[in-house]
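Please read it beside the model.

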Amino acid sequence: MKVTIDGITIDVPKGTTILQAARMIGPEVAPPTMCYYSKLKTSGGYCRTCIVKVTQGSAANPTPMPKPVASCRTEVMDGMVVENTINKDVLEARKGVVEFLLVNHPLDCPVCDQAGECSLQDLGYEHGAATSRYEFPRREFERIDIGKYVQLHMNRCIMCFRCVKVADQLTEKRVHGVMHRGDAAEISTYIENVIENDFSGNVIDVCPVGALTDKTFRFKSRVWFTKPVDASCDCKKCSGKVRLWMKGEDVLRVTARKDQWGEAEEFICNECRFDKKKTSDWKIEGPTKVDRHSVISQNHYNHLNELKVQVLKQQKALGFMDINKRP
Amino acid sequence: MGRKLLIHNDHIPNIHTLDVYRAHGGYASVEKALKIMQPDQVTEEVKKSGLRGRGGAGFPTGMKWSFLAKPEGVPRYLVCNADESEPGTFKDRYLMEKIPHALIEGMITSSFALGAKQSYIYIRGEYFYVARILEAAIAEAYAAGWLGKNILGTDFSHDCSVQVGGGAYICGEETALLESLEGKRGNPRIKPPFPAVAGLWGCPTVVNNVETIAAVVPIVNMGGEEYAKIGVGKSTGTKLISASGHINKPGVYEIELGITVEEFIYGEEYCGGIRNGKKLKAVVAGGSSVPILPTELILKTAKGEPRLMTYESLSDGGFQTGTMLGSGGFIAMDEDTSIVKNLFTFSRFYHHESCGQCSPCREGTGWIEKILKKFLDGTANESDVDLLWDIQSKIEGKTICPLGEAAAWPVAAAIRHFKHEFLEIARNKKFTDISHYDRLNKLARV
Amino acid sequence: MGSQVHGAQKFDNAKRAEIKFSDEAMKIVETIISRYPEGKQKSALLPVLHVAQAEFGGWLSPETMDYVASILNIKPVEVFEVASFYTMYNLKPVGKCVLEVCQTSSCWLNGAEDIVKYIEKKLNIKVGETTKDGMFTLKVAECLGSCGTAPMLQCGASYHENLTYEKVDTILENYRAEGKLRSYTDLDYKNTL
């Protein structure tokens, strides 16, 4: 079925969501996501950053949808017309969502290990306002210890639910979840407990912010001073396909390999992630080709610029406003 | 004297018992439906009646029923939404407490129409004692054969049970209610799929409000066409209105849709005017989430026509000059009431009740409450009014469920119609509170 | 807002071993579970938590919740998630009588704030606190559906409505004289509707 997003039409299979269709077209029209994760079932819909305007429901029923919809949870209909970056209301609403996500965020980026590869930083940079209008003390949670591998900083959490879904979908006995409600809701084990099983480390990779970070990497280095290298090993528990974050000859951190949308290609086991910290543990495949969602990728923007020019040309031909002139 | 169909027998002693209820014509709709009607005919009557959901959204009930998916071999469920929690609303509690069999009869008749072998009444946990009353009535109904296997000797069997909630306004949203009924946190589901396709335990489910289900009884008894003759236009039948605030006679009133708002407020049959001879200042006509209107706009539309108690008339003028019938939670405020403080109690409520699932509501409701607190503390600035407006506009329509709108609309309406009150506090840097208790108790209270 | 102090609760295995429903309570629990199709016993969680709260001292300790999880054959974390979502479950010990005064619009319009102040003064506690003798805990609540009979307070299953200071005096005296734990599941409820 055909769907048009920001003036670009693409043919997609039935059951494709607006977000997936937009990603097929490319990063210039793909809405940002904070909670959706294509590898996790039932993810998405919560953060509202990917909202778009459906100006035509379908060819059969062209009525526009009254409210903006979460593109990650809305399936494409044949002949649907969607506006994302070319719709002023969408951009304004998204700016609002960014502001909401930031009102209680501690903004402790200088001391946060996620800095440089944080989705919230990227989102704020691309879609947020320069100043905050929030003047009240920010929410603070009492810190809880969830084991020797993973550091939980609840103050930074944006409630994407990904780590809960990882625990539900990758492991047997989930011991953490969302406690309490409203703006007091928190990720917690409720009782003193550790989150530890063969795949528990994946909560780090799926966390879009610095709420769940790698204790074995804590304060070791800013990520942009480490060199990402793709490596593999013969692992019985997982694919063994990982990314090593090196400084000189030292492996400072092991993560899953992430795709251009910042999602793990394959989940990896805790042994690969936390225990194999020697280069001799790994077969090095070569330097990682990094995506735009990282300050590490600054030298790789050339390719994206080309694509951006292409998209702009298409949009211009269709008579849309220049997305660089968005308000 | 208006016609009453739901609580006309509420004054009869022991009407809560099956015997008395039956002696006054109770369970006739079950007899009629099961013995001489087909399930689709019952749905047809409901469609003809023009009945609209009485929980607040006002969606046509017959249409909702006809959306129910009926795949072979998959059970279907009827779930009654008795999670009445919209501030200003207490009609369902009244109906269930006084005439529990009216709801149970409606559950059986409606379940027959929908082909549901099992139904649940999800009642808010705070109404625990009302759940006891319902359970006692259900036990009576089982004993008399109105529930259970082969009701009235037909091949229709039905089980009905009550589930109490745990205290959460959000469970009044139908998908949050289903989550809660499944023993989970009351987080609204992302739609589609709608409950009619995948509801309780993934099965097709209809969720209806208490009053809606109870209204099916007179509709089946008198026929949909006859029911539709009551009321005005698309507002057919009778509606229970919960009246509270500074009126002489607070309580639950069954009205024919179409009486004037003025008659409802000042008529002796209804609210009996404003207490202590005070003047009316504003009304929240349909529960806390609908826009508040000043006296001149609640009594008359912007066009100068008398405002009627109907879905259409109350929403005449859109949100600029109108409001909504909503759940029928009618809160009247006298001239000494601070609209800002009333709004604060609403915003505190929505902050407290936000489930926390999606960002605009989770973060926005708390922010609004904090800014309103500044007004009560006398520390707010004029620019805070614009900020409030902007925040509510960024919540409205951006959330998973309607709680976002419910939290945003009261803020927008209070600013739209009473901006001067906000500005006055901001300019004088002072908010003077009054004691409603002392004020009201100068005159004798019951 | 200030800070949200939740933290992680201690879990005591010895306490956990002592927890068991009375035969009477267990019967009620079984009846509740029987209302749902096989395999859907998790649905019984909310009502069973009410029974547990009444049975084990008016609040839900982590050990009590772990026990409920074992009865319904679900993960303990599922119980923690649910119990902490809803307002009626006390996650900390409370007094025998929890007084919940509604504070939303209609109740406020009819003097709920004064009722709260009056009780605070009379019991010498603030909202959220428990009297030294462990008799009363004072809370404020959001709309309890008693708007037409405002102001009101709920204590256990009972609704006390159309409150005046004098009425509050009587209510407190009666509860104190009675001296027993009040729960939502009580059968001897009072209501004035």
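Chain B is split into three domains, with bounds that come from an automatic or database domain assignment.

| Domain of chain B | Residues |
|---|---|
| domain 1 | 18–229 |
| domain 2 | 234–334 |
| domain 3 | 339–428 |

This is a predicted model: local features need pLDDT of at least 70, side-chain atom pairs count only at pLDDT 80 or more, and totals for chains, interfaces and linings use all residues. Residues are numbered from 1 along each chain as its sequence is written, while chains are lettered from A and ligands numbered from 1 in the order in which they are written.

Take domain 2 and domain 3 of chain B. Their C-alpha centres lie 23 Å apart. Ten residues of domain 2 of chain B are in contact with ten of domain 3 of chain B (C-beta atoms, placed from the backbone, within 7 Å). On the domain 2 side, strand E10 (residues 292–294) of chain B gives the most, with three residues. That side has eight nonpolar residues, two polar and no charged. Nonpolar here covers Ala, Val, Leu, Ile, Met, Phe, Trp, Tyr, Cys and Pro; charged covers Asp, Glu, Lys and Arg; the others, Gly among them, are polar.

Now the whole chain. Chain B has 19 helices and eleven strands, taken as DSSP runs numbered from the N terminus (helices H or I, at least four residues; strands E, at least two). Its C-alpha trace spans about 75 × 45 × 40 Å along the principal axes. Of the 446 residues of chain B, 60% count as buried (20 or more other C-beta atoms within 10 Å of the residue's own, all placed from the backbone).

Conventions. Contact = placed C-beta atoms within 7 Å. Buried ≥ 20, exposed ≤ 12 C-beta atoms within 10 Å, placed from the backbone.
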